[in-house]
Amino acid sequence: MSDAEMGRVKGDLAVIQRALGLQFSFGKEALVFGIFLTLAAVGASVVSLLVESSWFQVIPFAVIMMLCLIGLYLQSRRTDLGHEIKLQVVLSITIYFALFAATCGYTLATFVGPSIGLVRTASLYATSLVYIIGFLFMLVVNALKSRERYYCLGLAISLLLTGLLIPILDQHYSFPFAHAFMAVGFLSGVMIQWVQLRKAVTVHAAD
């Protein structure tokens, strides 16, 4: 058997193993990325609590996202990141943006609601809800497409917590709560991928 044929066989075997959940395109580097984001979100939540103005609490979010994008760019230039890892990075950052957009809408509706009228206030709440439902649908669809995207269910937890709890919690602490909810989502994604990798290693060892 030639090297080319051997390469095709190995490629087909890898595809079959991924389809059966015995092998994944991501490895421990995905867990490291998720843990980093979890710690960053927790740190941002703590920093937000120390900022008096509610709107200045957005600053830690902006800083973290900028650092993540810069880090991803530098890492992609050093090593060839797989498609699924790049997709995970993009989805994680996108959901962070969506969560904060929804939080801003809820917070704005609370603070300026009395001055802009009932209809405009309801529109702000509705816009935030549409954001959450739309991105929740996207995450669930992605999770159903592939076992390698089950981490999307962890990110979905962040949006669920935001949609259910932000409107009823003290709006002066909306952004610290939003950071905390995002940390829960990141950590949930890490746990999901850790279980998947552990299961794959166990099955491989048994074979």
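What share of the contacts in the protein chain with a separation of 6 or more comes from residues 24 or more positions apart? The share is 77%. Contact here means heavy atoms within 4.5 Å.

The structure is a predicted model, in which local features need pLDDT of at least 70, side-chain atom pairs count only at pLDDT 80 or more, and totals for chains, interfaces and linings use all residues. Residues are numbered from 1 along each chain as its sequence is written, and side-chain values use heavy atoms, with hydrogens and water left out.

The protein chain holds 7 helices and 0 strands. Helices (H or I, at least four residues) and strands (E, at least two) are DSSP runs, numbered from the N terminus. Read from that end, the order of elements is α-α-α-α-α-α-α. Of the 207 residues, 39% are buried. Buried means under 20% relative accessible area, exposed means over 50%, and partly exposed lies in between (1.4 Å probe, protein chains only).

The mean pLDDT of the protein chain is 76, and 68% of its residues reach 70 or more. Among the elements, helix H1 (residues 3–19) has the lowest mean, 48, while H6 has the highest, 91. Over residues 9–22 the pLDDT is below 50; this stretch has 15 contacts in the model beyond near neighbours in sequence. Residues 203–207 also have pLDDT below 50, and that stretch has 1 contact beyond near neighbours in sequence.

Two helices were checked for length. The expected span of a helix is 1.5 Å times one less than its number of residues. Helix H5 (residues 118–145) has 28 residues, so it should span 40 Å; its end C-alpha atoms are 41 Å apart, which agrees. The 15 residues of H6 should span 21 Å, and the end C-alpha atoms of H6 are 22 Å apart, which agrees. The buried residues of H5 include Ile132, Leu136 and Leu139. Those of H6 include Tyr151, Leu155 and Thr162.

Threonine 162 lies in helix H6 (residues 151–165). This threonine counts as buried because its relative accessibility is 0%. Leaving out residues up to four places away in sequence, threonine 162 touches Leu99, Thr103, Tyr106, Ile132, Pro167 and Phe181. One of these, Ile132, is a buried residue of H5.

Aromatic rings were examined next. A pair of aromatic rings is described by the distance of the centres and the angle of the planes. Rings of Phe, Tyr and Trp (its six-membered ring) pair if their centres lie within 6.5 Å; planes under 30 degrees apart count as stacked, over 60 as edge-to-face and the rest as tilted. The structure holds 6 aromatic pairs. One of them joins tyrosine 96 and phenylalanine 100, which are tilted, at 5.7 Å centre to centre and 55 degrees between the planes. Both residues lie in helix H4 (residues 83–116), 4 residues apart, about one turn of the helix. Both tyrosine 96 and phenylalanine 100 are buried. Phenylalanine 100 also forms a stacked pair with phenylalanine 175, at 5.5 Å centre to centre and 15 degrees between the planes. That pair links distant parts of the chain: phenylalanine 100 is in helix H4 and phenylalanine 175 in helix H7 (residues 174–206), 75 residues apart. Phenylalanine 100 and phenylalanine 175 are both buried. Tyr96, Phe100, Phe175 and Phe186 form one aromatic cluster.

Phe186 also lines the largest cavity. On a 1 Å grid over the protein atoms alone, a cavity is a set of points where a 1.4 Å probe fits but cannot get out; lining residues have an atom within 4 Å of a point. Grid points are joined across faces, edges and corners, and a volume is the space filled by probe spheres set on the points. The search of the whole structure finds 1 cavity of 30 Å³ or more. The volume of the largest cavity is about 80 Å³. Its lining includes Phe33, Gln88, Tyr151 and Val190. Helix H2 (28–50), H4, H6 and H7 each give two or more residues to this lining. H7 gives the most, with 4 residues.

Isoleucine 192 is also found in helix H7. Isoleucine 192 counts as partly exposed, because its relative accessibility is 25%. Not counting residues up to four places away in sequence, isoleucine 192 touches Tyr150, Tyr151, Leu153 and Gly154.

Methods:
pLDDT = per-residue confidence, 0-100. 1 Å grid on protein atoms, 1.4 Å probe; cavity = no way out; pocket = protein on both sides within 12 Å on 5 of 7 lines; lining within 4 Å.
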